[in-house]
Amino acid sequence: MSTTAIELRSVHKNFGATEIIRGVDLAIEQAKIHAIIGPNGAGKSTLFNLMTGLHPLTAGSIHLKGREISSQAPYDIARAGLARSFQVTNIFANMSVFENIRCGMMWDRGYKYSFWRFAGRQRDLTENCEAILQQTGLTSRRNVPAGLLSYSDQRALEIAITLASGADVILLDEPTAGMSRSETTQAVDLIRAVSDNKTLVIVEHDMGVVFDLADTISVLVYGEIIASGAPEEIRGDPKVREAYLGAEVD
Amino acid sequence: MEVFLFSMFNGVLYGMLLFMLASGLTLIFSLMGVLNFAHASFFMLGAYFAYQISKYVGFWPALVFAPLLVGVVGAAVERYGLRPVHRFGHVAELLFTFGLAFVMEEVIQMIWGKVPVPYDVPAALNFAAFTWRGLDYSAYRLFMLVVSVGIFVALFLFIAKTRVGLMIQAALSHPQMVQSLGHDVPTIFMWTFGFGCALAGIAGVIGGNVLGTEPAMAITLGPIVFVVIVIGGLGSLWGALIAALFIGIMDNMAISYDIALFPIFAMFGVEREAEGIMRDLVDLTTGGIAPVLPYLLLVLMLIFRPRGLFGTRDV
Amino acid sequence: MKHVMKLLFAGVVAVVFAVSTQTAKAVDTIKIGLIEPLSGRIAAVGKDALDAFTFAADQINKKGGVLGGIQLEIIGLDNAMNAEKTTEQLKKAVDQGLSYVIQGIGSNHAGNIIKFIDKHNKRNPGKEMVFLNHSAVTTAFTNELCSFWHFRFDANVDQKVAALVTQINRDSSIKKVYMLNQNYAYGKSFQSAAQRLLAERAPNVEIVGNELIQPFGKVQDFTPYIAKIKASGADTVLTGNWGPDMIRFVKGAVSSGLDTQFYTIYGGLTSSIGGYGSDAKAVNLKQVTEMHENHDGMPDDVHEYIAGYLAKYSDTWYADRQRWLIYMLAAAIDKAGTAAPIPVAKALEGMTFDGPLGQVTMRADDHQLQMPLVVSSITEKAPKSVKYKGNDFGVAFSTDGVADLAATTLPTTCEMKRP
Amino acid sequence: MAGILQRWGVWIAAAAVILVMPVFVTSGFYITMLNQMGVLIIFALAYNMLLGQGGMLSFGHAVYFGLAGYTVAHYLNGIGEETLPYLPVSLIPIMGGAVGLFFGVLIGFVSTRRAGTTFAMISLGFAEMVTALTLVVVTFFNGEEGIQTDRWVGPEPLGITFGSDVQVYYLIGAWCLIATAAMYALTRTPFGRMCNAVRDNPERVQFIGYSTHRIRWLAFSLSSFFAGLAGALHAVNVEHVGFETVGLAQSGLVLFMVWIGGAGIFMGPILGAILITLLNSNLSDFTDAWYLYLGLLFMTVVMFARNGLAGLIVMHEPIWKIKIGLFQKMIVPYALGIGSTLLAVAGAIGIIELAYFMSTRTTAETITHLYWVEIDAAGPVPWIASAAALAAGFAACTRTYPIMAASYNGAIAEVKALVAS
C-alpha cells in the first residue's frame, strides 16, 4: 500500500520582495526515504522550515497524512506526527543525553505540561529512552551533558530526539554535515536502522549518502523542483546534470 | 489651539532631552545587542563631572571634557567588565549593567555625598530668549534644543556614512554576522560603548543643571529612557527620536488638558458614587497618571508590536 | 547536593549560635534608640538627626545627666528607609531593653512604629516602650490615630499650614493661590488643610488651581505645571513638596520666569537649597519652621546652643525641636524620678519648655507639642547664611512673620486611652 | 532505614535545624531576621523558577509578592473587624499564593510570549506601573503609608495566637519547608524538565511538541503562586505591607540573592537568601558602604562565577564524593589563592571605608577606626597601606589563581581516572 505521508501543493514563500520558494509540488510516500538535493541557496532549508511551521507560507498548502498543516505553529505540527532535526546542532546543551531524549518523548507519551508527577518515576519513559539510547548507540554516554558530547555523538543525539517524539514522518536536515568519512558511514547506518516503517525526508549534500539511502530524490533549484524520481532516474536526467550535478555523478 | 501648540513646544523640549539620553543607548544596542541598564548612570556621571569641572574652569570646558571622561569610563567598563561577560550571553550582560547601575550610584554618593550638588546653568545663557504665554524660555533651553538636534544629525550622518556606521547597520539586521566582518570587533565594541556613554554624558552635562544633580537622578530617569528606545524600536535612531518626542508631548498634553478619566471607567460600570477601590478611579485625570502613561505604552507596545515603532527585530 | 545542604546548615547554625551568645551589657546609662535611615539614598538626613540628638544628649550629660548622674546615650538603628528594617530595628530595640525610641523621617515608618509599640505594650506589660516623634507630621497621629505611647515634638501638617495661611492673610497683595501637592497621604493632608484653613482664615484669597502630582521624583519636567500656574494668573503657590519634587519645581519655575511667591513647608531644607543652586537667590520662597538662625529676639541659651553645635558640626542648625525633645525627656525623667516609661510619659503630658519663640507645651489631650511657628524667606540679605556639608550657599532665612500659639493651636479629635 | 535516611536525610536535617533553632536563638531581633530569611528563601526559590529554571529575567517579580501581601493584610484586618469570614492564620499563606497565582496567570499570559530582553522589559514596565498605582489606588494600597495589620486575630486554637515571634517563626519554618519541597519536586516533573529545555533552547522545544509560551506561562504562574505565598508570610511576619514590597528595589534584592547564591543550582537561592539577609541585617550597622559591597559582590559573581557561590561549592562535589583525601593536596594552593584574595579585598575595603568616611563625615574630625586600628583618614598612611594591600593582593592573585586552578584540575583528573577504573 502506498499512501502519501506529506504533500506540498504549489507552495510559495517570499521574504520581503525575494521569492525563495516558487511553487513547489511534492508528494512523499509513506515509509520511504526521500532526499531533497540542490545547490546552495536553492531553498532546501526554507522548505523544511515551511513544512515544520517555523515560517508561515506565502501561498499554497501542506498536508500531513491528509490533514492540512499549512502555517500552523511548530508544536502543533510536531504533535501531528512530524519531527525534524537541524542542520546546526540544536540540542539541550546543559541537560544529559538521557534527559534530552526524555524531553523529546514526553509530549507524545501524554505527559504534556503535567507538574504533579515525577518524570523519573514514569517507567514507560525510562524504558523507551533506554531503548532509543541503545538504538542510537548512545547508551555509554547516557549521563553526559549533551554540550560535552563529540560532534558526531551530538548529531546522533539530534536524531535520537526526533526519534523519541514517536513521529512517523521525520525530516533530517543534513544529518552528516561536517562529519568525517567513517562518521558518515556510521550515521548512514544509524539512519537506515531507524527508518523502519517511518517516512524520512532528508536534505543532504553528500551525494554518496543520498544515493546510498534514498528511495526517491527531488532536485530543488532556485525554489523549484526540477526533477523527482528514483535515484537512477535522477542520475540520468539531463536537466539535473545541467543544472546541478555536473560531473560529480559517476 | 494655542494651548495645543504651546504644549507641543514644551513637549518637544523635554522630548529632545530624552532623545539625547536614548541615542547613546540605542547606538550601543544596535552594535552589541546589549541593553545597558546603567545608561542613565553614565548620564548622572556626566552631570557630576560637569559640576566638578565647571566649579574650577567653567561650563564650556566641562561641556567638552565631562563627556570625554564619561566616554573613557564607559570604554574601560566595556573592556574590563562587559567583555568577559559577553560569552555568557545577553542575560548576563543585562545583569552586569544592572549591577553596574547599582554600584555607580553608590560610588557617586561616596565621592559627592548623598545630597544634591549645586550645579548651575551657565550665566552666559541664563537669560530669557523669548516669552510665550507668560513663560520665559531661557537661551539655555534653546541651546539644549540645538545640541540635541545637532546630535541627531551627527549620529545620522555617522551611521549612514562611516565604516563603523555601516557595520552597525549590518549588525542590526544580522547580529551573528558582526564577528565575521573582519574588523577588530572587540575594539570597535569598546569604543562604541564608550561613545554611547559619552552621549549620555553630554545629556548629563546639559540636563543635570536643569533637572537637578543628585544621586537618585539615574534611577528616576533610567526606566523612562528604556521606554523610549523600546517603543521606538531597539536600534532605530528615528524610532528613538519619534518615541522621545511622543513621550515628551504626551506628558505635556496629559498635564495641560488634564482630562477626567471617569467617562472611560463609567463605560465599565463604575459609578460616580462608587465605594471601595473604585472610589479612587472616579477622580482620576490624565494629569494624575501622566508618569504612568509611558509604562502603560511600553507594556502595550511589547504585547502588540514587540519590535517597536521602527525596530528591525524583536527586543 | 546533599552535602551542600549539610554544609549550609552547619554554617547557619554556627553563625546564629555566635550571634545569639552576644549578651547585652550592663546598663548604667539610659539608652535611647534612634531609628532612621543611616544607609541608602537619604542616609544624610538620618545622620544629621543622629548628630543633632547625640549633641543634645551630650549637653544634658555635661550638665550632670539625669536622676543625679545617669547619662543619656543615643543608639543609631538603621532602617534604610525600609518598613521591614524598621520592624527589625524595633525588635533590636526590644532586645536591648530600650524604653524610648526616636524617629521622624517618613510618616509611613512612624505609623508602623506607633502600631508596633501599641501591640508590643499590650503583649508585654512591664516592658513598655515610648515613641518620641521628631519630624513625622501626619496630622492623624495626634487625631484619630493618637496613642498614649506616641509624643510628637514637631508641628503637624495642619499646624504648619495654619502658620502659612496666617502669613498669607497678612500679605494683602496675595489674591490668587495655586496649590500644587504630591499625590500621597502627606500631600493630600496638606491640600485639605490648606483648603479648609484658607476658607476660614483668608476668605479673600481665591484658590485658582489645585493640582496633585506623582510624588518622589517621578515628574522630570515641571514646565506643563508651571504653564498652568502662569495661565491661572496666580500670584502665590502653596505647596507641600519636598526633595527632588521641590527642587525641580523651583528650578523649572525660575528658568521660566514664574514670578509668584512660593509658600512651602519644606522648601528651605538645607539639602534642597543645595539643589536649587544659584536659583535659590532668584526664587521668592517661604518656609515654615519652629525657628531659624536669623530670627530676632531668641533667648541667649538658644544662641549659645547653636554656637556650640556649629563649633562641632559646620552645618546650619535647622531643627531645634530635636533639642527640645531631648531636654524635655530629660526633664520628664527627673520629674518622674525614674526612667520607667509610664511615669515618664505621664510627666511629659502637659510639660512646658522655653523654645526660641516662646513657651511650647506638650498637650496632654493628644501628645502634640503646641508651639509658635515662624514663616521666613530665603534671601541673600540676612547675616547667617545656610551652610551644609562644607558648602556655604550664600542665602539665608529672614523672618516674615510669626504665627503665635493662638494661630497654630488647633482642636484635636483624639480620644486618648491611658494605661 | 539507611535507605530512608539516604533519601530523606536532607529534609529531616532541615526540619530538625528549623525545630531547634529557637533554643539557641532567643533574641527577638535574630528571630525576626530568621523569619525574614524564611520568607526570602521561599521568594528567592520562586524567583529562581523563572530565572534559573525557566531562563526568564524579571525586574518585577516583587509585584506578586507585594500584591499578595496587601491582600492578606486586608483579609487579616477583615477578620479582626469580623467583616470577613475567619481563616486560620496558619492557612493564610495559601490565600496569598492564590492571589499571586491570579495575577501571575493574568500578567503572565501577556508577558511570557517572549523571553530574554522583551520579557525583562515588560516585567520592568509592570513593576513601574504597579508601584505608581500604589499611590493612585489609595483604598487598596494606602499610598506610601501602606497597610497595617494584626496577625493576632480570631480564635486561638491550642493557644496559638501568633502574638509571639517564635510562633510566627515556626509557621514560617513549616511553610518554608513545604514550599521548598514542593518547588524541588516541581523541578523533577515533566513540566520542570521542559522548563529547563525552554531555558536552554526554546527553538527546539517547539519541534518536540511543546508551546514555549505555555511552558513559560505555567512557570510564571506557579512562580507567582510561591511568590504570593512568601508575600503573605511577609505580611504576617512584619504586620505591615508598604509600597516598597512591590517595587524595583525588592525585585532587585531577590535578583541579587538568587544570582549571588547561584541561579543554576536548586540550593543556590537558599544560600543567597541566607547570606544576603544575614549581611543585610548585620553589616549595615558596621559600614555605610554596605550597598556598595553588595553591588560589587553581585558584579563579581556575574563576571566570574556563573553559578554563584553554590556553584563554587558544587564544583568540588565529585572530589568529596569519590575521594575526599584529594583535598589534602589542595589545601596549600587554595590557602594561597584565598589568602591573596583576602588581602586584595582587605585593601579595597580599606579604601572604600576611608573614602566613605571622608565624604560622609559631619565634623572636622578625621580620626576614625579601620580594622580596629585608630587612624587619621586625612593622612596618607592608611590610604597608602590600603592601596598597597590591594595592589599586592591583586598581584598575588594573578600568580596564585593559576596554581589553585591547576590543583583543582589535577584533583578532578584524578577523580575521573578513579571513576573510569
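Colleague: If two residues are in contact when their C-beta atoms, placed from the backbone, lie within 7 Å, which chains have the most contacts among the 4 pairs of chains that touch?

Modeller: This is a predicted model, in which local features need pLDDT of at least 70 and side-chain atom pairs count only at pLDDT 80 or more, while totals for chains, interfaces and linings use all residues. Residues are numbered from 1 along each chain as its sequence is written, and chains are lettered from A, and ligands numbered from 1, in the order in which they are written. Chain A does not touch chain B, their nearest C-alpha atoms being 13 Å apart, and no contact joins chain A and chain C, whose closest C-alpha atoms lie 17 Å apart. Among the 4 pairs of chains that touch, the most contacts are between chains C and D.

Colleague: Which element supplies the largest share of the side of chain C that touches chain D?

Modeller: The contact takes 47 residues from chain C and 48 residues from chain D. At least two residues of the chain C side come from each of helix H1 (2-20), helix H2 (43-62), helix H3 (83-95) and helix H4 (107-123) of chain C, where helices (H or I, at least four residues) and strands (E, at least two) are DSSP runs numbered from the N terminus. The largest share of this side, 15 residues, comes from H1(C).

Colleague: How are the axes of H5(A) and H6(A) arranged towards each other?

Modeller: Axes here are lines fitted to C-alpha atoms, for helices over the stretch in contact, with angles running from 0 to 180 degrees between N-to-C directions. The axes of helix H5 (residues 151-164) and helix H6 (residues 181-194) of chain A come within 11 Å and cross at roughly 10°. Angles under 35 degrees count as roughly parallel, over 145 as roughly antiparallel, 65 to 115 as roughly perpendicular and the rest as oblique. The crossing therefore makes H5(A) and H6(A) roughly parallel.

Colleague: Which residue of S9(A) is the bridge partner of Ala35(A)?

Modeller: An open sheet of chain A is formed by 6 strands in the order S6-S7-S8-S3-S9-S10, with mixed pairing, two strands being paired if DSSP finds at least two bridges between them. Its edge strands, each pairing on one side only, are S6 (82-84) and S10 (224-229). Within this chain, strand S3 (residues 33-37) and strand S9 (residues 216-221) pair in the parallel sense over 4 bridges. In S9(A), the bridge partner of Ala35(A) is Ile217(A).

Colleague: How many of the 23 residues of H4(B) are buried?

Modeller: Helix H4 (residues 90-112) of chain B reaches 32 Å from its first C-alpha to its last, close to the 33 Å expected at 1.5 Å a residue, the expected span being 1.5 Å times one less than the number of residues. A residue is buried if 20 or more other C-beta atoms lie within 10 Å of its own, exposed if 12 or fewer, and partly exposed in between. H4(B) is mostly covered, and of its 23 residues the number buried is 18.

Colleague: Is Asp221(C) buried or exposed?

Modeller: Asp221(C) is found in the loop between strand S7 (206-213) and helix H7 (223-232) of chain C. Not counting residues up to four places away in sequence, Asp221(C) touches Tyr14(B) and Asp251(B). Because Asp221(C) has 22 C-beta neighbours inside 10 Å, this residue counts as buried.
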